[in-house]
Amino acid sequence: MINSDVKNHIQGKSLFIDDIIIPEGTLYASVCVSQKAHAKITKIDLAEAIKLDGVINIFTSADIPGENQVGGIIQDETLLAKDEIHFIGEPIALVIAESDSIAKNAIGKILIEYDEQEVIVDPREAFENNSLIMPPKTFESGNVNDAWKECITIVEGKVESGGQEHLYLETQGAVTIPQEGGNLKIISSTQSPTAVQRTAARILNLPMNKIEVDVLRLGGAFGGKEDQATHWAVFTALGAYLTGKPVKLILSRSDDLYMTGKRHPYSSDYKIGLNKDLKIIAYEATYYQNAGAVADLSPAILERTLFHATNAYFIPNVKATAISCKTNLPPNTAFRGFGGPQGKFVIESAINKAANILDINAAEIQKKNLIDAGNSFYYGQKANDAKAIPSWNKADEIYEIKKLQEEVNLFNYENKFYKKGFSVMPICFGISFTNTFLNQASALVHIYSDGSVGVSTAAIEMGQGVNEKIKIAVANTFSINTDRIKIESTNTTRIANSSATAASSGADLNGNAAIKASKNILNRLLKFASKHLEINDETKLKLIDGIVLVNDRKTELIWKDLIYLAYTNRINLSSHEFYATPEIYFDKTTNKGNPFAYHVYGTALTCATVDCIRGTYEIDYVKIVHDFGKSIDQKIDIGQTEGGLVQGIGWLTLEELKYSDEGKLLSNSLSTYKIPDIYSAPKNIEIEFLSDSENRFGPLKSKAIGEPPLMYGIGTFFAIFNAVKSFNPETKIEYSAPITPEKVLMGLYS
Ligand code: LUZ
Ligand code: MOS
């Protein structure tokens with residue numbers, strides 16, 4: 001099946017925020033932001049700016065009718081700064097003008113005077129200064145202190161992982177159109193329409209029912225619009241509320257790059273202990289998360305780091321502590337993987353270093369410690385669904401790990417200035433929001449009297465194909481063609497109190513809700529049909545391929561006629577349904593429970609070639625066995641796997657965020673921030689489906705796909721790292737991502 005959006009995308013027919021036809025007289029907003037990373041504001045002078053021809057008004061925190069607060073998890077973030085600013089890019093004033101360029105010109109004429117304060121950009125320095133978002137959090141099982149005695153190999157080390165720019169193709173933006181009676185309609189590029197609605201209501205001191213949020217689709221998000229789309233949408237709402245006119249705001253790429261938060265950089269310490277059989281007996285880790293200036297989603301991201309501290313391994317004694325460090329950077333935020341990749345990178349580094357010290361392949365240690373169905377994760381959940389060993393074994397069976405390793409060894413033996421490196425990367429990712437209450441969704445299904453179907457859910461289409469999956473799930477439930485089904489925009493008046501489309505769970509939660517709603521209508525239809533056909537036992541009826549069957553034999557009654565008859569017989573052809581993930585809970589006092597509906601597993605084999613004169617590298621192949629469950633749509637799932645992999649490779653190899661000591665983003669354009677292109681993608685990607693995997697929590701027995709494949713990219717780091725090691729066994733190269741060509745070159749000759 002081809003994702004039906006794709007055809008419109010490639011013809012340029014799909015609408016994004018900037019394409020939506022707006023009313024005449026729409027005004028434009030631009031936001032004046034701080035150019036200092038930490039300072040007291042001593043003066044804001046708007047006089048020159050407001051005189052500009054075409055400037056309608058300029059608003060500051062004093063003009064906010066409600067509460068000047070946009071914090072979600074922690075109430076620590078103003079929409080417009082009042083007397084103090086904490087990062088470069090923090091909003092201070094909102095300009096409303098007749099055109100976008102006038103609004104931007106006005107920004108240049110606003111005079112702000114600062115009393116500069118000390119700037120901290122490093123998370124460990126923030127920790128030493130006790131500058132924290134919240135108290136440190138520890139997850140623990142067994143007793144690491146006792147366990148070190150049982151270990152014959154104990155390795156300690158430090159690991160750095162960098163941030164990552166989301167680089168959604170569509171930058172942040174929104175339009176608000178005032179409605180009658182003081183109501184507002186916000187059209188936003190957000191993963192979380194309810195967050196926009198709730199925050200706008202709070203800022204404007206309005207009840208939520210006066211604010212409608214509508215989302216057609218997003219031009220990418222990757223977590224960058226889970227929390228941080230809200231601000232820009234609320235700015236348009238504030239502007240529209242205060243001027244009474246429609247207001248539009250679209251961030252330029254360069255503004256988006258420096259004003260918005262990114263994946264959290266982490267600096268971490270670990271200690272790992274193995275016994276003589278290479279079993280990991282104990283693991284201890286401390287993560288310093290660079291949260292930026294306010295909490296945003298950092299506390300939840302921090303927790304997911306702890307959940308994924310042990311990746312796909314069973315370790316009996318674990319102590320993991322995570323510290324959210326408050327720095328003067330833009331608030332870092334959700335990014336595909338949500339802290340999980342950072343946690344996994346640390347344990348993979350620990351295993352790699354232990355293997356180097358023992359002079360064995362890391363794969364020997366990895367394989368011996370894979371989590372099995374009889375084990376529990378260290379936060380208490382039973383690993384009943386574990387597919388770590390089956391996916392490793394299948395990868396070994398079809399790709400032959402030993403043969404691939406030998407090819408690399410032979411190549412390295414025969415070549416002096418090119419070296420290859422090989423790695424195995426198992427993944428395990430928990431599916432569900434770790435905040436249990438968020439695991440809910442609803443759907444509204446209408447069958448119109450002509451037999452066409454309209455479906456609304458809380459899911460946001462952002463290129464990941466969730467609409468196509470829901471369409472297939474509904475079509476499958478009714479047994480009709482997908483052509484009959486339209487997936488509507490995501491709208492808070494049709495679907496209320498929605499969770500963000502995030503945590504890889506959009507298709508699961510909303511697909512299940514849509515199936516439930518469809519089943520309600522199907523049951524009414526079958527009941528009606530049995531009456532109409534005078535069959536007193538409705539269990540004899542089925543609807544297959546748009547035809548009513550009685551005792552498996554076709555009748556004359558087809559979908560279109562059935563629907564019209566049902567309508568004229570006053571059968572309810574609409575249903576609203578609710579789905580909440582069953583069986584999940586988590587005790588936040590003991591940090592134990594069953595937080596995830598299930599886990600997604602897989603194994604990636606990676607080979608890279610390093611040019612040992614230049615420090616450049618190419619990725620020869622990534623061969624994956626992935627646990628898709630029973631895939632709803634293999635093309636979409638393979639697309640997500642390839643996209644996630646390459647995005648992960650970007651994070652670990654090329655994408656290097658640089659901030660100055662003054663907190664200024666230096667890698668502030670696409671000439672200084674390098675994202676993967678066709679040359680840096682693997683020359684060959686193979687993806688195999690793990691068979692015999694059906695998931696009782698997923699729609700049509702599928703598994704979530706959004707985030708897990710990103711973590712295959714971690715294998716690329718180690719493939720390159722191992723190649724450097726084979727050129728220079730004494731290399732001082734560090735476990736520091738991204739492993740850029742500069743670092744590789746230094747590592748080859750250090
Ligand atoms: N968002 C969130 C997420 O609020 N909670 C989560 O657990 C999560 N996990 C992954 C991505 N986004
Ligand atoms: Mo989230 S990182 O938006 O799933």
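1. The model is predicted: local features need pLDDT of at least 70, side-chain atom pairs count only at pLDDT 80 or more, and totals for chains, interfaces and linings use all residues. Residues are numbered from 1 along each chain as its sequence is written, and side-chain values use heavy atoms, with hydrogens and water left out.

2. An open sheet of four strands is ordered β16-β27-β28-β29, with mixed pairing (strands are DSSP runs of E of at least two residues, helices runs of H or I of at least four, both numbered from the N terminus; two strands pair if DSSP finds at least two bridges between them). Its edge strands are β16 and β29 (684–689), each pairing on one side only. From one strand to the next the twist averages 15°.

3. Within this sheet, β27 (residues 598–611) and β28 (residues 617–626) are antiparallel and share nine bridges. One bridge pair is L605 with K623 in β28. Helix α17 (residues 634–653) lies across β28 and β29, at about 130° to β29 (axes are lines fitted to C-alpha atoms, for helices over the stretch in contact, and angles run from 0 to 180 degrees between N-to-C directions; contact means heavy atoms within 4.5 Å).

4. Strand β17 (residues 440–447) runs antiparallel to β24, joined by seven bridges; H446 has S574 of β24 as its bridge partner. In a regular strand the side chains alternate between the two faces of the sheet. On β24 (residues 574–580), S575, E577 and Y579 make up the covered face, while S574, H576, F578 and A580 make up the uncovered one.

5. Helix α9 (residues 298–307) is largely enclosed by the rest of the structure, because ten of its ten residues are buried (buried is under 20% relative accessible area, exposed over 50%, partly exposed in between, with a 1.4 Å probe and protein chains only). The buried residues include P299, I301, E303 and R304.

6. F417 sits in the loop between α13 (401–414) and β16 (418–431). Its relative accessible area is 38%, so F417 counts as partly exposed. Together with Y418, I613, L745 and Y749, F417 forms a nonpolar surface patch of about 480 Å² of accessible area (patch residues have over 30% relative accessible area and no salt bridge; nonpolar side chains are joined within 5 Å, like charges within 9 Å; a salt bridge is a side-chain nitrogen of Lys or Arg within 4 Å of a carboxyl oxygen of Asp or Glu; areas are Shrake-Rupley values with a 1.4 Å probe).

7. E730 is in the loop between α18 (714–727) and β30 (736–737). E730 counts as exposed because its relative accessibility is 64%. Its C-alpha atom is 9.2 Å from that of G747, 17 residues apart along the chain.

Methods
Chains are lettered from A and ligands numbered from 1 in the order in which they are written.
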